[in-house]
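Subject: Structure handover

Hello,

Here is the structure I promised you. Please open it alongside this note, and my findings follow below.

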Amino acid sequence: MSRRSADWASLVAGLLFVLLGLAFVVSGTTAWEVNVLWVLPVLAIGLGLVGVVRALVRSRDRPDRRSS
Amino acid sequence: MVDGEPRDEARAPESAAADTSPAAGAAERELRRDDAAGVITGVAAGLGRHTGIDPVVWRTAFAVTALGGGTGLWLYAFAWLLMRDARGGPALLEQLLNRRLSGEAVLALLGGGLALGTAFNLIGGFGWTTLVLAVPLVLGGLIAHNRGVDLSRVARQLPEWLTKREPPPNAPGSEPDPAYYNPAQPWAAAPSGPIDLAVVARQSAAREAPDPDDEEDEDSGEDRERPPRPKDRDDAAARPSPRRGVSLLGVSAWIVAALTAVVFVHAGGVSVGALLSPQAAPLYLGGVITVCGVVLVVGTWAVNPRGVAPVAALVTVLAVAATTTDLTQLRFGDARWRPAAVSEVREPFELGVGQARLDLTALPLEPGQEVTVRVRVGFGSLDVLVPDSVRTVVHGRAGFGRVALADRVSQLGVGLALHDTLEPVSGSGGDGAAEEAVSEAPTLDLVLDSYAGDLEVWHVAA
């Protein structure tokens, strides 16, 4: 694995999918049930957040490099 | 849609003049998604750029063929999986299959997919959805033939293209910002801390030297830290870069494959139900989603996890569908229902994709009896035949398509909702006995539902 600068959007997406995946796993193994009506909105909002984070990181990096 | 010719003579001269850079030329030679000109994912824009056909035509083709049992939707998803990204990185399927797919092969696969969808549609009989699929297929074939593509040769070569063990292209590394290096201030890009002026002087001398041989310099530790020059970037592009993203995706694919094997062993056999039944889907698909999430978290600092997030999103949608509907009970193709007892209509009639026909003329109904019949066809057409001696209350709903009630009402469009009643025909004589027969006629409540398709209710003689 090659090292590279941190991709914070990937972190947000990863946490989103870990939470969603664990919610499904827990609902499949326990009596607690995941309310699927919430899953798709959470997915949409989460992916939107990923896009926002990606845009913020890019916009932050560009001026920093130019000003240095 | 089988168009194996990259843009050449048919290319619009103005666009050719607009994009003369090497990168733009490579983008045209390769079949890549075009994020900049795209509307959703850049698939249609990329296809348009590669084939020289306006992207609007491609978008229209995807939308029109989506009416034929959703064919356009899965063709679009298929194209997204097959096409390289805007920077020329390998397509997701290229990574998974670990082999290179040429633009011609991708176009041939899309054409083959449309031909396959048309063939499947013909299984249920010839209908308007067949025309919706066949017309773009024939037009695409004619256009390709007109451009000199030998379709029979493409069909013969496709297996060879798919089995060729040529590795996929490397993912391009991130382009350094040109502003990073300032020749007038070479130390400006250095990290904070003391600056070794000897190193700066050596770097400046190396940059000003006309000697193109950079191999010797690579051995010195200082040179590894120096910012890249434009020439260095060219050299880096010429050298094979490490395959970023492939290994991580491969590891996650192996984990998912192992998880699938465990599920099959636990279920005692290989079946779709073991993975996608409402009981198994939360565990299996939840596990897959979690694996994708962990891969993305690891990818924050390690290898670029490109392509994992869309896959995880698709699996999440699939998990939602699997927990709300029993996907293993979905039916595809042609369905003919002719219930002969009221007990047979208590459960809803369901068809996932295809053509269905519900004949209620054999249903025995007593005067004054009220029976509810529910029919759900995901994508396709539905014809309901009801006897004209019964009152039929229709509640039809279609996300997209057409809803028709005998010869009286017909709606075409998006978000259709039809609530109407078909009065019995046999009692329309006007005398007292006939009016009594009408008032005591049995009632059929028809609840029809479809995502996209054609819903029709017909009165037939009892």
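Helix α5 of chain B covers residues 71-82. Its 12 residues, at 1.5 Å each, should span 16 Å, and the end C-alpha atoms are 16 Å apart, so the two agree. Please keep in mind that this is a predicted model. Several residues of α5(B) are buried: B:Thr71, B:Gly72, B:Leu75, B:Tyr76, B:Ala79, B:Trp80 and B:Leu82.

Now chain B as a whole. Its secondary structure comes to 17 helices and 6 strands. Chain B has 462 residues, and 44% of them are buried. Take the contacts in chain B with a separation of 6 or more: 64% of these join residues 24 or more positions apart.

Two buried residues in chain B

B:Ser277 sits in the loop between α14 (273-276) and α15 (281-299) of chain B. Is B:Ser277 buried or exposed? The relative accessible area of B:Ser277 is 13%, under the 20% cut-off, so the residue counts as buried. Setting aside neighbours within four places in sequence, B:Ser277 is in contact with B:Val272, B:Pro282, B:Asp326 and B:Thr328.

B:Asp359 belongs to strand β2 of chain B, residues 349-359. B:Asp359 has a relative accessibility of 13%, and therefore counts as buried too. The side chain of B:Asp359 makes a polar contact of 2.5 Å with the side chain of B:Thr361. Not counting residues up to four places away in sequence, B:Asp359 touches B:Trp337, B:Arg338, B:Pro339 and B:Leu385.

The interface of chain A and chain B

Contacts here involve 31 residues of chain A and 31 residues of chain B. The two chains bury about 2,600 Å² between them. Of that area, 73% is on carbon and sulfur atoms.

How many salt bridges are there between chain A and chain B? The count is 0. Polar contacts do turn up: 4 residue pairs across the interface, with both residues at pLDDT 80 or more.

Which elements of chain A give two or more residues to the side that touches chain B? They are α1 (8-29) and α2 (36-67) of chain A. The largest share comes from α1(A), with 16 residues. By type, the residues on this side of chain A divide into 17 nonpolar, 9 polar and 5 charged.

Over to you.

Best wishes

Terms used. Residues are numbered from 1 along each chain as its sequence is written. Chains are lettered from A and ligands numbered from 1 in the order in which they are written. This is a predicted model: local features need pLDDT of at least 70, side-chain atom pairs count only at pLDDT 80 or more; totals for chains, interfaces and linings use all residues. Side-chain values use heavy atoms; hydrogens and water are left out. Contact means heavy atoms within 4.5 Å. Buried area is the accessible area (1.4 Å probe) that two parts lose on being put together, summed over both. A salt bridge is a side-chain nitrogen of Lys or Arg within 4 Å of a carboxyl oxygen of Asp or Glu. A polar contact is a pair of N or O atoms within 3.5 Å; within protein, one must be able to donate a hydrogen and the other to accept it, and residues adjacent in sequence count only if both atoms are side-chain atoms. Helices (H or I, at least four residues) and strands (E, at least two) are DSSP runs, numbered from the N terminus. Ala, Val, Leu, Ile, Met, Phe, Trp, Tyr, Cys and Pro count as nonpolar, Asp, Glu, Lys and Arg as charged, and the others, Gly among them, as polar. The expected span of a helix is 1.5 Å times one less than its number of residues. Buried means under 20% relative accessible area, exposed over 50%, partly exposed in between (1.4 Å probe, protein chains only).
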